[in-house]
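Hello,

Here is the structure we talked about handing over. Please look through it first; my notes follow below.

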Amino acid sequence: MSEEKDGICILSLDNGGPGTYSQLLFLKEQTSRLASDLKMPEHDIYPADYFDLMGGVGFGGLVAVMLGLLRMNITEAIEAYLSITSAVFSEVSFENVDRDINTKRLRGAIESMLQSRNILLDAKMNEGPFDQRKCKVVLYAGDSARIDHPQAFRTYSSRGASLNPLVIDAVCATMSLPSYFQPVMIGPPRRQQSFVGGVLGANNPTQLLLKEAYNIYGQDRRVASIISIGCGMARARPQAANLRDEPDVGKLLKEMVGGCEVIANQLSTWLWNVDGYLRLNASMDMETMKTRDWNSLGGIESQTSFHLARSEISEALGTALGHLRERIGTATLGQLNFSSGIKTTAKTPPAVSPHFILRKQPWAKMVDYLVTTPPSQQKIFPITGMGGCGKTQLVSYFLRQYPNLYAQTIYVDASSSSSIKFDLQAWARTLGDGHDDDVWEDAIQALSKIPGGEQWILILDNADDPGLDLNQFLPRHNHLTLLITSRNRDIGDHGPRSHLELGEMTPEEALAALLQAAQRKLPMDDEELRSAQTLIGDLGWLAIALVQAGSYCLSVPVPVAPCGSPEESRTVLIGRLSMGSVHNA
């Protein structure tokens with residue numbers, strides 16, 4: 001197959017901190033497998049020979065430069081990465097950040113890397129041998145004047161005006177994390193522009209790279225492989241106190257990581273039927289992802305290895321390697337960028353669980369305020385309570401019971417600022433012609449101009465982060481109902497008179513939830529009823545725990561045996577209910 005007709009391969013590298021090491025480990029696994037399949041030494045496998053286009057942001061951009069522009073093999077890239085991070089971060093204070101010193105160290109480390117590869121320090125991105133290489137590289141940085149506008153620095157020519165900075169300036173710009181490094185000035189005298197690392201909405205650059213590939217190769221060129229690699233996704237939310245105490249650079253990094261995964265989730269829906277798309281991103285403990293852990297990467301290596309050992313990941317990586325070698329594309333760049341069948345859709349509320357139990361008092365308050373009370377002013381209805389008490393399920397049930405109450409239902413994941421912005425943007429782009437390029441601010445404007453005679457509802461679900469500034473996402477309009485769910489009781493201050501605090505279930509509700517999940521019905525004999533009531537108390541009257549216990553009773557019968565410890569008692573209680581479930585099945 002000729003190079004002009006075969007499917008192209010794209011490598012996308014997220015922005016991030018120490019988790020960039022995880023990206024290199026994923027690529028090392030890939031090159032190791034390729035070397036084995038091709039019966040070649042691993043040091044003779046160069047990623048630049050297999051990818052047509054590489055792009056990255058931040059330290060992901062550094063990896064793209066090392067592999068694509070400097071043509072390193074993966075071992076050389078890991079050594080260069082460790083050398084740079086050691087030079088920049090070995091003596092860093094994360095409590096008293098000196099951006100001038102940090103910037104000087106970063107520039108010195110990048111200069112050393114370029115000189116070791118015989119690259120002149122006055123070499124530009126798009127000139128000399130770089131624009132002749134098969135693998136094209138593009139880096140993204142943010143314009144300091146507008147952080148949501150990505151600026152591309154390319155090793156190749158493109159249509160329209162574009163900056164052609166020095167290689168060292170482009171690399172430093174994409175890596176200059178705000179609050180940690182100084183911005184990088186690029187451009188001719190008197191017309192210089194200021195750039196920083198990290199672009200709102202583009203820290204996972206996969207969508208930008210698909211558009212870039214379309215502009216390079218045209219709409220009819222097929223795509224064989226799209227590999228997107230993250231820097232780690234958080235496995236646990238940090239405590240509120242830790243979040244407030246952490247330096248700004250750490251909070252910004254975690255915001256970037258969260259934003260990258262939001263885009264990845266959108267792409268998994270958008271590209272679900274594209275054979276060549278693969279997302280690799282290991283779950284990381286938040287402690288592992290701290291910016292101060294540059295010199296302690298063992299945890300990242302362990303968690304990346306654990307991720308690669310999962311059978312579904314290993315199988316997906318094997319399939320992706322086949323696409324890299326065979327280069328047979330099934331979808332064109334035109335289809336990927338513009339097909340009406342492959343597009344981002346607005347998020348919808350989760351379905352009502354078959355185990356949902358309606359709680360009378362909270363339901364009555366919700367209906368009275370949202371349905372019965374006349375809309376003399378904007379309605380704001382906060383629902384707060386501990387995790388698993390049924391806040392989101394109550395909202396989903398309400399929407400199912402009153403499907404015609406609102407002309408528009410906008411559902412948003414409010415777990416972070418990034419997720420809110422992306423969900424609002426996705427909804428805005430479903431509004432029809434002229435909205436294809438809307439951003440989240442356009443959604444806020446649309447929610448502030450509701451047509452007369454209509455009622456809309458904006459649902460901000462899981463707004464648990466006490467450090468989140470929610471006010472910027474709360475449009476004011478009398479015909480827009482705001483419904484907010486949160487574990488944070490202070491969210492109730494947004495609507496103190498309507499605030500619904502969802503506490504423990506009543507004994508009757510808790511028993512109904514347990515028995516429904518276990519597929520049991522009253523009456524029960526006295527011993528079983530006492531067992532159920534004891535189990536309910538042991539589980540703290542919590543809806544999600546009761547449903548899980550009931551489901552376990554249904555699926556896994558447990559023998560009844562004498563025991564004494566609380567743990568053993570719980571097993572016996574579940575066992576009694578389980579045996580009853582089997583007998584009544």
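**Notes on the predicted model**

This is a predicted model. I start with Thr 392, which sits in helix α13, the helix spanning residues 391–401. Its relative accessible area is 18%, and because the limit for buried is under 20%, Thr 392 counts as buried. The side chain of Thr 392 forms a polar contact of 2.9 Å with the side chain of Asp 461. Leaving out residues up to four places away in sequence, Thr 392 touches Asp 461 along with Pro 350, Tyr 411, Asn 462 and Thr 485.

Apart from neighbours within four places in sequence, Thr 31 is in contact with Glu 42, Ile 45, Pro 47 and Ile 74.

Helix α1 also packs against another helix. Its axis and that of α2 (residues 59–69) come within 9 Å and cross at roughly 35 degrees. The crossing of α1 past α2 is right-handed. On the α1 side the contact is made by Thr 20, Gln 23, Leu 24 and Leu 27, and on the α2 side by Phe 59, Gly 60, Val 63 and Leu 67. By type, the residues of this contact are 5 nonpolar and 3 polar, with no charged ones.

Next, Glu 301, in helix α9 (residues 298–308). Glu 301 is partly exposed, with 36% relative accessible area. In sequence Glu 301 is 282 residues from Gly 19, yet the C-alpha atoms of the two are 9.3 Å apart. Setting aside neighbours within four places in sequence, Glu 301 is in contact with Tyr 21 and Leu 25. With Tyr 21 there is a polar contact between the two side chains, at 3.1 Å.

Last, the nonpolar cores. The largest holds 74 residues, and the members touching the most others are Leu 62, Met 66, Ile 110, Met 113, Leu 139 and Phe 153. Which residues does Met 113 contact, leaving aside its neighbours within four places in sequence? They are Leu 62, Met 66, Leu 70, Met 72 and Ile 84. There is also a second, separate core of 26 residues, among them Val 412, Ala 414, Leu 424 and Leu 447.

Regards

Technical notes:
Residues numbered from 1 in each chain as written. Predicted model: local features only at pLDDT ≥ 70, side-chain atom pairs only at ≥ 80, totals over all residues. Heavy atoms only, no water. Helix = DSSP H or I, 4+ residues; strand = E, 2+ residues; numbered from the N terminus. Buried < 20%, exposed > 50% of the residue type's maximum accessible area, 1.4 Å probe, protein only. Polar contact = N/O pair within 3.5 Å; in protein donor to acceptor, adjacent residues only side chain to side chain. Contact = heavy atoms within 4.5 Å. Core = buried A, V, L, I, M, F, W, Y, C linked by side-chain atoms within 4.5 Å. Axes fitted to C-alpha atoms, helices over the stretch in contact; angles between N-to-C directions. Left-handed = near helix turned anticlockwise from the far one by under 90°. Nonpolar A, V, L, I, M, F, W, Y, C, P; charged D, E, K, R; others polar.
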